[in-house]
Amino acid sequence: MDLDAYTRARTPTWQRLDALSRRRRLTGAEADELVALYQATATDLSAVRSAAPDPETVSRLSQVLVRARSRLSGTHAPSWSDVTSFVLLRLPAALYRIRWWTVAVMAAFLAVGVATGVLVASSPEALALMGTPSEQREYVDHAFAEYYAPGAGFAAMVWTNNAWIAALCVGTGITGIAPAYVLFTNAVGVGSAGGLMAHHGRLDVFLQLIAPHGLLELTAVFVAGAAGLRLFWTLVDPGPRTRGRALAQEGRALFTVALGLVGVLAVSGLVEGFVTGSSLPWPVKVAVGAVVLAAFWAYVLVLGRRAVAAGHTGDLDADRAGYGVATAG
């Protein structure tokens with residue numbers, strides 16, 4: 001390709017596209033022209049990149065196309081309707097679509113945790129890995145219960161820690177291995193603590209301290225792991241979509257889940273910070289945990305089912321995702 005000759009021949013088209021993109025108002029004919037010029041210039045950019053990838057020309061065309069794309073798809077000012085749409089449609093739809101993945105992750109997590117707990121409680125060799133007898137007694141009699149000191153500072157620390165675990169599952173989801181490893185190590189950790197408490201006859205204390213916040217907290221971790229693994233499976237099997245488009249769509253839905261988990265983990269952190277370590281009767285504490293968990297699943301199953309039936313997936317709208325362009329009526 002003679003880049004200079006090609007540039008001279010196509011420059012009027014590029015300039016016209018740029019001029020239309022900068023106009024505040026367009027007629028119907030001009031809007032149609034803008035779409036046609038956008039498509040032609042996108043083809044030009046592809047040709048330049050493949051045949052004569054001049055950085056200056058590529059940069060120039062990319063800037064023109066970005067401006068034109070913004071003009072075609074329009075701008076979206078944040079509003080309360082966006083927040084409402086996110087909370088009532090996008091988030092529940094995204095959570096609903098991975099519900100069975102969440103259940104599968106939960107089943108695997110519990111299987112590993114229970115197996116680890118039984119091993120620690122029944123095997124002297126495994127129990128010895130938990131520390132010396134005096135260290136075990138200190139943990140069982142004091143450290144485990146004293147960890148749950150009520151207060152805002154503790155709630156914030158818990159939220160940060162759990163958010164980090166969820167972020168690891170979500171952020172590394174496409175690898176498949178990383179979220180599975182994070183979930184496995186946490187299952188082993190929870191199971192080991194439970195096994196140690198059970199061996200020393202304090203399983204009731206373990207369950208009483210875990211149940212109020214852990215029901216929702218662990219569910220959030222299961223959701224994060226499920227979302228990450230779902231993205232990995234999309235890479236393996238994109239279905240009827242192209243792999244790139246499938247990953248883009250599921251990745252944006254995954255980000256929706258990640259944002260939602262910030263709120264879910266905030267609630268579990270508040271329960272852990274102000275209910276678990278409080279002086280409330282244990283039945284009340286466990287009831288609080290059960291209520292917040294039931295509320296979460298009601299949100300997912302009721303609102304999620306409705307949102308999915310209405311065509312929502314957790315992804316952005318077509319125009320915001322870049323799949324739709326404006327044309328004159």
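What you have is a predicted model, where local features need pLDDT of at least 70, side-chain atom pairs count only at pLDDT 80 or more, and totals for chains, interfaces and linings use all residues. Numbering starts from 1 along each chain as its sequence is written, and side-chain values use heavy atoms, with hydrogens and water left out. The chain has 13 helices and zero strands; these are DSSP runs numbered from the N terminus, with helices being H or I of at least four residues and strands E of at least two.

**Overall picture**

- Along the sequence, the pattern reads α-α-α-α-α-α-α-α-α-α-α-α-α.
- Take the contacts (heavy atoms within 4.5 Å) with a separation of 6 or more: 77% of them come from residues 24 or more positions apart.

**Around Ile-174**

- Ile-174 sits in the loop between helix H8 (152-171) and helix H9 (177-199).
- Ile-174 counts as partly exposed because its relative accessibility is 37%.
- Setting aside neighbours within four places in sequence, Ile-174 touches Gly-228, Leu-231, Phe-232, Leu-235 and Leu-247.
- Leu-247 is 73 residues from Ile-174 in sequence, with 9.2 Å between their C-alpha atoms.

**A nonpolar patch**

- Val-83, Val-87 and Leu-88 make a nonpolar surface patch of about 220 Å².
- Patch members have over 30% relative accessible area and no salt bridge; nonpolar side chains (Val, Leu, Ile, Met, Phe, Trp, Tyr) are joined within 5 Å, like charges within 9 Å.
- A salt bridge puts a side-chain nitrogen of Lys or Arg within 4 Å of a carboxyl oxygen of Asp or Glu.
- Val-83 belongs to helix H4 (residues 80-97) and, with a relative accessible area of 41%, is partly exposed.

**Rings and charges**

- The whole structure holds four aromatic pairs (ring centres of Phe, Tyr or Trp, the last by its six-membered ring, within 6.5 Å; planes under 30 degrees apart are stacked, over 60 edge-to-face, the rest tilted).
- Tyr-139, Phe-144 and Phe-206 form one aromatic cluster.
- Arg-99 has its charged end over the ring of Tyr-96, 3.8 Å from the centre (the cut-offs are NZ of Lys or CZ of Arg within 6 Å of the ring centre and within 35 degrees of the ring normal).
- Over the face of Trp-282 lies Lys-285, 3.6 Å from the ring centre.

How values were computed: Buried means under 20% relative accessible area, exposed over 50%, partly exposed in between (1.4 Å probe, protein chains only). Accessible areas come from the Shrake-Rupley method with a 1.4 Å probe; for residues, only the protein chains shown count as cover.
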